[in-house]
Amino acid sequence: MDSLDSVAETVLRRRYLRRDENGNVVETPAGMFRRVAETLAQAEGRFDGDVEATGRTFYEAMTALEFLPNSPTLMNAGTELEQLAACFVLPVEDSLESIFTALKQAALVHQSGGGTGFSFSNLRPEGDVVKKTGGVASGPVSFMRIFDAATEQIKQGGRRRGANMGVLDASHPDVEMFVTAKEGTGAFRNFNLSVATDAMFWEAYDAGEPYDLVNPRTDEVVGQADPDDVLDLAAETAWETGDPGLLFLDTINEHNPTPQLGRLEATNPCGEVPLLPYEACVLGSINLARHTDGEAVDWDKLRETVHMGVRFLDNAIVLSDFPVSEIEEMMTATRKLGLGVMGFHDMLVDLRIPYYSREAVEFAGELMSFIHDESWAASRQLADERGPFPAWEDSTRAEPMRNATTTTIAPTGTISLIAGCSASIEPIYNVAYTKQVMGGLEIVNDRFVDLAKERGFYAEELMAELHDRTSIQNVEEIPDDVKQLFHTAHDVPADGHLRVQAAFQEHVDNAVSKTVNLPRSASVEDVKDVFLTAREFGVKGITVFRSGARSEQVLGETPLQ
Ligand code: UDP
């Protein structure tokens, strides 16, 4: 296999490679990829496919770092814990029974490496009656604390902490409490939060009128809220903590491929997959940095990788074990895949397109439209071979497909470190820095180093000077055209982030995980502006992160290993 850089080696040794009962690593990176490839190829045997040839193709794609599945697949394939999906949504109904069932199911999902999302909108509000006991209800935010505490204790098999998405509808009487839940320090460190908004909310906002707050237990209107106040409050808390974000439920449901099975009301932790209760999704990402010839996109190779990726992920669904039988049932009914990309910024550098440019936004659309069309073609082909997803007939998909969805843009937080590329569709963080995870990882942008050498301005001293800077825009030695190619997350203004998100979203079945970065000096009003622009751009959800807003993010470190 291609040699891995030292960051990839460290990440794999610490988190992914198999260990014996004494905790000693007993697998090489090549061995890990072989285990995953051979396991995933087994599914071919159930459909008269070629197990060996497919295994080789999967192995080659992974060892060449052209494609990687989500972390649970790398960790669990071919092991006792054959749970291969990263994303789940679990239902929470308005009863103690349901709340604690969801809590148990979440624990099992976290233990297997998955992240969970919940809509808490069905829970009766704080202070409402509890008939059985004559008591007073504690409300969604209070119950969410239990989920948060439980998550803290389950460290995903010692490899990473579980992650949650909590969603509450803007019409819930406790919406204010929910919106401000992260205010102050340390609360809900294992949760991302999203306020679900729909046409009713936005019509009231446009008319400058209040909207109704409804008790979900009785369907009675119990009060009113001013949508502008709710947005102000959300912007204020997001300015301070990074949460909540917003979900645009109407846009999400307009694209629900299986409305006959229910309405989409929640997403997985990072927001990239809206799912029905008990649905799951297996993710995989194409490393775009490995799909250029250094100057132009290698479209043929990209097509091949897309087709391989769809087959790989469908095989993962065939083989995956799920810790809860209801998940197994839903997963096999819709067979949702989340094929996405990483290394987008690296690809732009090869194409000499600045990240913050009209050209980049146009290219993003062209690229994702290609990937989307090819992934649908691949899924249709699989439907011929293996049959369509069982819920296909009443779905919105005109032709038989094997999968209700094929595409998603995941954050690729860890797998991009293994692949040595820029994360997801994000701009780079810096050209050289220490990433504060796993004891400190030294990340250096190879493309920057190569260009610096090529253009004759490379020097050790320069690299030392650039280390940990969040921008290279004021560094004199670097030519302007090179500076433009290495815009960092901090250099790109909010509208640049949003335009890229929207360009990808247009061609993605599920959703796009994207952080809109704002500088530390940004105001609450700036955050609110991003919320409003996101609505205008028609994205499915929005998360804003102001530099320095919170010291700890949800998908953080486990202190183990
Ligand atoms: N996830 C999780 N815990 C983590 C990181 C990720 O449960 O510590 C889940 C979560 O659902 C997230 C999804 O995995 O939305 C994909 O995250 P990412 O692409 O960063 O994962 P990777 O495959 O790179 O580890």
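Trainee: Is Leu65 buried or exposed?

Mentor: Keep in mind that this is a predicted model. Leu65 counts as buried, because its relative accessibility is 3%. The place of Leu65 is in the loop between α3 and β1, and its phi is positive, about 55°, although it is not a glycine.

Trainee: Which other non-glycine residue has a positive phi, near 60°?

Mentor: That is Asp48, a residue other than glycine with phi near 60°, and it lies in the loop between α2 and α3. With a relative accessibility of 78%, Asp48 counts as exposed, whereas Leu65 counts as buried at 3%.

Trainee: OK, and the helix α3 itself, how far apart are its end C-alpha atoms?

Mentor: They are 18 Å apart, and this agrees with expectation because 13 residues, 51–63, at 1.5 Å a residue should span 18 Å. At the start of α3, a side-chain oxygen of Asp50 comes to within 3.2 Å of the backbone nitrogen of Glu52.

Trainee: Which residues of α3 are buried, and what covers them?

Mentor: The buried residues in α3 are Thr54, Gly55, Phe58, Ala61, Met62 and Thr63. Their cover includes the helices α2 (29–41), α4 (71–76) and α12 (299–319), together with the strand β1 (67–69).

Trainee: Which residues does Asn315 touch?

Mentor: Leaving out residues up to four places away in sequence, Asn315 touches Leu40, Ala41, Ala43, Glu44, Thr54, Phe58 and Arg386. Asn315 sits in helix α12, and two of the residues it touches, Thr54 and Phe58, are among the buried residues of α3. With Arg386 there is also a polar contact between side chains, at 2.8 Å. Asn315 itself counts as buried, because its relative accessibility is 0%.

Trainee: Switching to the ligand, how many residues surround it, and which are the closest?

Mentor: The ligand is surrounded by 22 residues, and the closest are Ser71, Arg160, Asn268, Thr412 and Gly413. By class, this shell has ten nonpolar, nine polar and three charged residues.

Trainee: Now α17, what caps its N-terminal end?

Mentor: Asn445 does so, with a side-chain oxygen that lies 3.0 Å from the backbone nitrogen of Arg447. Arg447 is also one of the buried residues in this helix (446–454), along with Phe448, Val449, Leu451 and Ala452. What covers these buried residues includes α14 (344–350), β16 (441–444), α18 (460–466) and α19 (480–485). Just after α17, Gly456 takes a positive phi of about 80°.

Trainee: Where is Trp392, and which residues is it in contact with?

Mentor: Trp392 is found in the loop between α15 (358–386) and α16 (415–419). Apart from neighbours within four places in sequence, its contacts are with Arg397, Ala398, Glu399, Pro400 and Met401.

Trainee: Last one, which residues does a cis peptide bond join?

Mentor: The cis peptide bond joins Asp243 and Pro244, with omega of about 0°. Pro244 has its place in the loop between α10 (227–241) and β10 (245–248).

Notes: Residues are numbered from 1 along each chain as its sequence is written. This is a predicted model: local features need pLDDT of at least 70, side-chain atom pairs count only at pLDDT 80 or more; totals for chains, interfaces and linings use all residues. Side-chain values use heavy atoms; hydrogens and water are left out. Helices (H or I, at least four residues) and strands (E, at least two) are DSSP runs, numbered from the N terminus. The expected span of a helix is 1.5 Å times one less than its number of residues. Buried means under 20% relative accessible area, exposed over 50%, partly exposed in between (1.4 Å probe, protein chains only). Contact means heavy atoms within 4.5 Å. A polar contact is a pair of N or O atoms within 3.5 Å; within protein, one must be able to donate a hydrogen and the other to accept it, and residues adjacent in sequence count only if both atoms are side-chain atoms. A residue is near a molecule or strand if one of its heavy atoms lies within 4 Å of it. Ala, Val, Leu, Ile, Met, Phe, Trp, Tyr, Cys and Pro count as nonpolar, Asp, Glu, Lys and Arg as charged, and the others, Gly among them, as polar.
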